[in-house]
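My notes are below, entry by entry.

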Amino acid sequence: MKAWLFTGANQPLELIDRETPRPGPGEILLDVRAAGLCHSDVGRMDGTLTPYLPMKPPIILGHEVAGVVSAIGPGVTDYRIGDRVVASGTQDYCPGWSADGGYASHCLLPTFSLVRLPETVSFVQGAAATDAGQTSHSALVDAGALRAGQRVGIVGLGGLGMTAARIAVLHGAEVYGAEPRREAWAAAKAQGVIEVVEDVLDLAPFELDLIVDFAGFGATTAGAISAVRRRGLVVQVGLGRTEATISTMALIGKGVTLRGSGGGLPKDTAAVLGHMAKGELTIEASTIGFSDIPAGLARLERGGVVGRIVADLDH
């Protein structure tokens, strides 16, 4: 098998050949057909998030993985060779985080992490659903306790934020966005977002019940606390910075709840794939080849990427 190996902070990914692993009990071997690129991997490579990796380098990164089952370990009865699946990680287990991941031609996965990929959903969309979809759905529905009729603010209309905006619309919410990149505004409104502003503080007039911050640049967290209505809820997802300075006066004086949300569960991925199968949700994604994964991560680091980047190994 071929793989892009992460050897340590501030080191380039290394293209390696290694023996293709065999699945053990409760595991399958996946022929990777699509692997999504995530900004969190940029943070691992530049050292920001490296200390938080449960599995220390060297490790194969890539936690947005879709493909076809090519081998089955002992005791596996729920999956067969040829099944189309995605890997849905959790905070306890995630490929590319706590085990070797999807920036590779093959990936070992425990069956508890698998979600079946509907025939009508492409591998590229399936890969995107495992992070941009799963994380967004969990932040809104689980951490955010989203209800129809609520007024919801989405901070940061990148891959996760844009997906979250659409999910909130599908759940019957009134959705507003905050995004300084005006090139994303039209796409957000096409997803059903009512109004987009440049700064999170400009969301205050909308009296929002819930604000989800997918940017996480410190000032966005503080701004969300200031902008949400009294006794409103702010859910923090983004990790543009690993620290934030907030006004405890605003937090306490307004009775705001601040809640962190990272990742999600397979049920969130399954719900997103259900929306995709119905044609209700498409995650904007540009595709690259397997050999272009390092260049794709460099594009993410420079910024300006609209939607997600997915390595398409199916062509």
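This is a predicted model: local features need pLDDT of at least 70, side-chain atom pairs count only at pLDDT 80 or more; totals for chains, interfaces and linings use all residues.

These entries go from the sheets to a helix pair and then to an aromatic pair.

Entry 1: I looked up the strand order first. The sheet is open, has six strands and runs β11-β10-β9-β12-β13-β14, with parallel pairing. I then checked the edges. They are β11 (195-197) and β14 (257-260), and each pairs on one side only.

Entry 2: I followed β14 to its partner. Strand β13 (residues 233-236) runs parallel to β14, and four bridges join them. Within this pair, I found Leu-233 opposite Thr-257 in β14. Which strands does helix α5 touch? Helix α5 (residues 219-227) packs on the sheet and touches β9 (151-155), β12 (210-213), β13 and β14. I noted an angle of about 175 degrees between the direction of α5 and that of β12.

**Entry 3: α2 against α3.** I turned to two helices, α2 (residues 123-143) and α3 (residues 159-170). They pack at an angle of about 55 degrees, and their axes are 8 Å apart. I logged the crossing as right-handed. Next I listed who meets whom. From α2 come Asp-131, Ala-132, Gly-133, Thr-135, Ser-136, His-137 and Leu-140. From α3 they meet Gly-159, Leu-160, Thr-163, Ala-164, Ile-167 and Ala-168. I sorted this contact by class: six nonpolar, six polar and one charged residues.

**Entry 4: the three-stranded sheet.** I went on to an open sheet of three strands, ordered β2-β1-β4, with antiparallel pairing. β2 (14-17) and β4 (59-60) stand at the edges with a single partner strand each, so one side of each has no neighbour in the sheet. I checked β1 against β2 and found four bridges in the antiparallel sense. Trp-4 stands opposite Leu-15 in β2.

**Entry 5: Trp-4 again.** I searched for aromatic pairs and got three in the structure. I picked the one with Trp-4 and Phe-290. Their ring centres are 6.2 Å apart and their planes stand at 40 degrees, so I logged the pair as tilted.

Technical notes: Residues are numbered from 1 along each chain as its sequence is written. Side-chain values use heavy atoms; hydrogens and water are left out. Axes are lines fitted to C-alpha atoms, for helices over the stretch in contact, and angles run from 0 to 180 degrees between N-to-C directions. A crossing is left-handed if the near helix is turned anticlockwise from the far one by less than a right angle, and right-handed if clockwise. Contact means heavy atoms within 4.5 Å. Ala, Val, Leu, Ile, Met, Phe, Trp, Tyr, Cys and Pro count as nonpolar, Asp, Glu, Lys and Arg as charged, and the others, Gly among them, as polar. Two strands pair if DSSP finds at least two bridges between them. Rings of Phe, Tyr and Trp (its six-membered ring) pair if their centres lie within 6.5 Å; planes under 30 degrees apart count as stacked, over 60 as edge-to-face and the rest as tilted.
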